Amino acid sequence: MHSLLMCGLPMCVGVVWLLSSVRSGCAAAAQSDVVKPTSNGFVMGKEIILPDSNRVLAFLGIPYAEPPLGPLRFKPPVDKKKWKDIWNATQFGPICFQPEAIKVWDVDENGSGQKKLEIKMLLAYSMSEDCLSLNVYTPKAHIDLGSLPVLVYIHGGSYYMNSGRFFPAEKLASNGVIVVTCNYRLGPLGFLSTEDGVSTGNYGLLDQLHVLKWIQKNIAYFGGDPNKVTLFGNSAGGASVTFHLLTPLAKGLFSAVIAQSGCAFAPWALQLRPRLHAIKLAQEIGCPTSPTEHLVECIRTFSPTIITQKSTMADGLLVSYAPVVDGWFGGHYLPDHPENMVNTGRFQKVPFMTGITRDEVSIWFQIGNGTFRTLQLIKVYMFVRVCCIPFLDGPEMDMLTMKAIVYKYAKELLQRKKVSDLNHVALSHAIMSQYFYKKGFINLTGKGHTKSLIDFISDVGLKAPCVQLLDRMNIHSSAPKYMYEFAYYSADDVKSGRQEWIGSYHESELQYIFGEPYLNYSNTLKLESDKKVSDFMMKLWINFANFGNPTESFHNPLNATWQPYTNHHHAYLAITETPKMKENYLVENILFWNSFFPIFSDYSIESNLYSTDCPSSRRKWLVWFLTSLYLGVILILSSELFCCSATAQSDVVKLISNGYVLGKEIILPDSNQVLAFLGIPYAEPPIGALRFQPPVDKKDWNDVLNATQFGPICYQHEYIRIALPDENESGQKTLEIKFLQSFTMSEDCLSLNVYIPKAAAALGSLPVLAYIHGGSYGINSGRFYDGEILASKGVIVVTSNYRLGSLGFLSTEDNAATGNYGLLDQLHVFKWIQKNIANFGGDPNKVTIFGNSAGGSSVTFHLLSPLAKGLFSSVIAQSGSPLGSWALQSRPLFWATTLAEDVGCENSQTQNLVECLRSLPANLVIEQSTISNGLLVPYAPVVDGWFGGDYLPDHPEIMINMGQFQKVPFMTGLTSNEAAIWYQRGGQVPEMRFLEAIVKHNVNLLLINSSVSDLNYAALTHAIMAQYFFKKGSTDLDGPGNTNALIEFVSDVVFKAPCMKLLQSMSNHTTEPIYMYEFAYFSLDDVKTRGQWIGAYHESELQYLFGMPHFNYTNTLRLETDKTVSDFMMELWINFAKYGNPTTPFHNPLDVIWQPYTAKRHLYLEITESPTMKENYLVENSFFWNSFFPIFRDYPIESEPGSTKTESSDSSSNWLIWFLTTLVCLLCLLCASLLFYLIRRRPLPAIVTRNADRKSITAV
């Protein structure tokens, strides 16, 4: 009998071949059957001969679990029982139940054997709950070698449609890899959950896990290596494979993961309200909704067809039946929310690849010339959620419809969140601004709207979650990670209708990964470039499966090296016909969703943020506090850092264009000698008719001018206090606080100071550093920055005074007073340097202008002014930018008329106004001028080109964005704790309500020039509170955290964000080197701070730059590290002045190479005791202010999408108050009438009394 069976086996196999032989869409004319053992029994597959004559063995429809029928429905999969006969694996098994009306692309073959892609309805395919099968493709030429890598594909389809059969993998397998595709349960049959132990959910994911377990048991029989299993999936399949990274149940089942256009962080990937959808389904089919045991048992009795038909599959961005966090209610698959797990490093640390297509959801809008498609016309077998949006009239839809669509999505995104309706409105506005208004689409119609809508949906649903996952994983895993963007478009792609605007759409890369261009379809992908890209893609995926590196050096297609994505280098491969590496993918839009969307999703906007007013007493108290706070700032902004320390002096004389000047010699503590020429006038005194006029050249003098002491400081508020050196009788120097009133003030203040190193002066051609002081354009003086130590290092230092406050920056927005006189004074200093600096041994071709705070913004204004052309060779802007909200005054006439009113001048005619102000004493004009208040600087530079001036032709942002600035080497930077010193005396902020009041006050200042609604004020206030306080856990807390958050907020909006915006814009328009730094050094011996938490505060770097640690003060900066940092800073600035490079190899302090900041690499030097190069400075907060803030500043929020006028809650409240007041008045009138009526009916007795003195009659 045994012999008979052995003899009959070949005959049996032959019969099976005849019975089961089928023509495959990718097969050749000749086939031979094969048989392989598995843990369940033998399977018989078929041989496929490809068009290129390669042969692949395909084993199709192999069951990996028992059919999930009856009591197995809504249960984890159960191992398939063994079979005795040989299983026929020559054709696909049934697909799992899904909506029959969906259309898919599949292969169709005519009588002559020609194959093409056609659209077919899913109802044409056999559906069954007995669908848990898989397909194995093995390369025949390699099968005998064994240990082949394995690629396991998990299909997408929003968890409710699709099948592994729609991804024929024979061509991919022929390249030397085993490919496995599979089915898993879909929709409610695969993902229904009651949020308890009755039906925990995730059955579709557990099916996928069962496939992976089957592979571990059986793949060696097919020549595969169970230790080289790479899991890859697209869309919902991409999300699925990242869920498997998280589950403890999948440990050891795979060696690498590829997530394509989908991940567990996507808003649609996880269902957080599964019971709601289970109850809805029960109601639809007539089952009880409680208890859940009865609900599930009832649904089990219904046919899968009815269950599928009655289920709501997807609604916009949300998928009704999706994976759940079953660990929250007794399940074992997903212990916690994916974000929590990744953030705490609870995932498998294996090589990881992820990516997206460039145009993702464009395919959802395809039909004809680009009009919108409905669900019934979608031509792809992928997840489709767009059906529920009311698309109208194709791509040229009106803005009203667009707003309605965006508002619908916003509500869906916030559906699971406990937030107010204000959040929905604010988020809708933010999206409209980010994707439409910023691109000029405000009231227009056109195809641009469609592209913007595509960008919006692609970003929120697919792109931003992908990047967020990468960033979070990088924190906890050193395993390599790779990112790509598939950007290839084929003009012969039938799925896109051969419409170029569709581009590289969602899942389009799969055609190339699975080798479709090689399958010789008659109607699609017949171009040579299609084959080239397909070959490249297949090799990348196979290399990654083989080596964990897609471009491993010995198997490198196209000689492209795919660099990994790291925390410091956000590199990705742009896959086109000519692939190239890029970095920082869609930074702005990614940040919008990953950093600023949580502001609206996680924290509810409170109604009290609507009110921009506060009680009078509170307001006065707040103004008093902020004013005091500002005055405290002045202590640092205007610090006189150094004294003219000298133990011996000798006079020197120099000839300049106006005559001779007599200076003095200063001997420093280290015995170096410096020549100082102080108080040299560079312009005529701007008094009388010269007040509010550009500076005039100083007339020549006959005698030798005494330049051994500083000139007067320009008029400013006398009660400001500054830190100044003081010397006792024994010659010991300390830093003390003094009032400005102790210094001589005058309008005759336009003087400069020159410091020359005596040892190098004779050599000539020294570089020049010209310093412009800060002080909010209203205070300070060049005399407070002694340049002798810095000059002693081999450079000439020039400091100067310029007109301040209203005397320097008043403008009437016409020719009466164009403004910018302080900046024109600075220009006059630069012209003086060009004329005279050679007489001091300086090189007029090597003049570097540098300034801090308002001085930093000033030097960048000079970059823009055509009047400054050729006056300097490089620029350093420290903690100041012309793009800061305080740097430019947009309402100068308002402040001019306000000043005129305060001093009693007529203000209706600007000429009369200016003449009147000229007639008043300078001290009166200054005393009556409004000083800077927080973010508002009343007297500041203006765009005088708008009204006849010559200094600044246009708005700085416009000029920089158009490249209208001098192209010279540029350096800029910040301190790490800019605004900390402002809160030194106030200490810790006591209460959250106080913080909110400060934020609201600053919001009022930020939006003071914007024509927006109160909703904008509320939304921006909420956004700031969320970004800087709520996200850090300071929702109701008091204490140090709040103070630090407040410091961070003020530092960012005032200094840091404008600096980053300037850098990014300039780097796009110049080839000259740009350098950025962050000064982060803090000295424990800094007397100005009196507390370590202050850190590196605003202007603190100036102490080191001007060599203060070398002055031997008895009470500050006496540490050796202070001197080290000071030497380093001086060397950097001098190198930059000499070479345009702060760390030239020939003069490199501390062996640091300061790499430039470029448009592609945002590098900066962190200056500490041990300086280091870093990258991507404060990306999130900079984006908040530079991209997110304009959403609220520039575009009014409408009370509801599509409304033609804006109504604030104040108007609603006012209407309600009016209504109630009217109602009360009517009631009072009614009561009075009733009382009068009663009195008339029954008169009361009257007592009449006369009072002779008062002459009155009283009725009682």
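Reply: A residue is called buried when its relative accessible area is under 20%, exposed when it is over 50%, and partly exposed in between (1.4 Å probe, protein chains only). The model is predicted, with local features needing pLDDT of at least 70 and side-chain atom pairs counting only at pLDDT 80 or more, while totals for chains, interfaces and linings use all residues. Residues are numbered from 1 along each chain as its sequence is written, and side-chain values use heavy atoms, with hydrogens and water left out.

The whole structure holds 30 salt bridges, each a side-chain nitrogen of Lys or Arg within 4 Å of a carboxyl oxygen of Asp or Glu. One of them joins Glu129 to Arg73, with 2.8 Å between the closest N and O atoms. Glu129 is in the loop between β6 (115-121) and β7 (133-139), and Arg73 is in the loop between β3 (55-63) and β4 (87-88), so this bridge ties together parts 56 residues apart in sequence. Strands are DSSP runs of E, at least two residues long, and helices are runs of H or I, at least four, both numbered from the N terminus. Glu129 is buried at 11% relative accessibility, and Arg73 is buried as well, at 4%.

Another bridge links Arg346 and Asp336, at 3.1 Å from N to O. Arg346 lies in the loop between α9 (338-343) and β14 (352-357), while Asp336 lies in the loop between β13 (318-319) and α9, so the pair connects parts 10 residues apart in sequence. Here Asp336 is buried at 17%, whereas Arg346 is partly exposed at 36%.

In a further pair, Arg1193 bridges to Asp1194, and the closest N and O atoms are 2.7 Å apart. Arg1193 is partly exposed, with 26% relative accessibility, and Asp1194 is partly exposed, with 37%. Salt bridges also link Glu47, Arg55 and Lys140 in a network.

As for the core, a nonpolar core is a set of buried Ala, Val, Leu, Ile, Met, Phe, Trp, Tyr and Cys residues joined through side-chain atoms within 4.5 Å. The largest one has 380 residues, of which Val754 and Phe1188 touch the most other members. Helix α28 (residues 1040-1067) contributes the most to this core, with 14 residues. A second, separate core has six residues, including Trp105, Leu117, Leu519 and Tyr521.
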